[in-house]
Amino acid sequence: MILTIGGKWKWSAEIEGQYRSGMAISRPAGVKLAERAIDKALAPKKKRLQRPE
């Protein structure tokens, strides 16, 4: 994350060759947005447990 001249935080992440980035008004908000983007990109790969019948 970097602090821009305008006082906003810019975040970026590379996930399996795809880049995600965005801007946030504060560093903690930027961290949350980056974590959300990473979780969303990895969600289809997570195995979901099923109850035995």
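Colleague: Which two strands form a hairpin here, and how many residues lie between them?

Modeller: Strands are DSSP runs of E, at least two residues long, while helices are runs of H or I of at least four, and both are numbered from the N terminus. Here E2 and E3 make the hairpin, with two residues between them. Glu16 sits in that turn and has a positive phi of about 50 degrees. By the way, this is a predicted model, where local features need pLDDT of at least 70, side-chain atom pairs count only at pLDDT 80 or more, and totals for chains, interfaces and linings use all residues. Residues are numbered from 1 along each chain as its sequence is written, and side-chain values use heavy atoms, leaving out hydrogens and water.

Colleague: How many bridges join E2 to E3?

Modeller: Two strands pair if DSSP finds at least two bridges between them. E2, residues 9-15, is joined to E3 by seven, and the two run antiparallel. For instance, Ala13 has Arg20 as its bridge partner in E3, and Trp9 has Ala24.

Colleague: In what order do the strands of the sheet come?

Modeller: The order is E1-E2-E3, an open sheet of three strands with antiparallel pairing.

Colleague: Is Ser21 buried or exposed?

Modeller: Buried means under 20% relative accessible area, exposed over 50%, and partly exposed in between, using a 1.4 Å probe and protein chains only. Ser21, in strand E3, is exposed at 52%. Leaving aside neighbours within four places in sequence, Ser21 is in contact with Trp11 and Ser12. Lys45, in the segment after H1, is exposed too, at 56%.

Colleague: Which charged end sits over the ring of Trp9?

Modeller: The rule is that NZ of Lys or CZ of Arg must be within 6 Å of the ring centre and within 35 degrees of the ring normal. Arg27 has its charged end over the Trp9 ring, 5.8 Å from the centre.

Terms used: Contact = heavy atoms within 4.5 Å.
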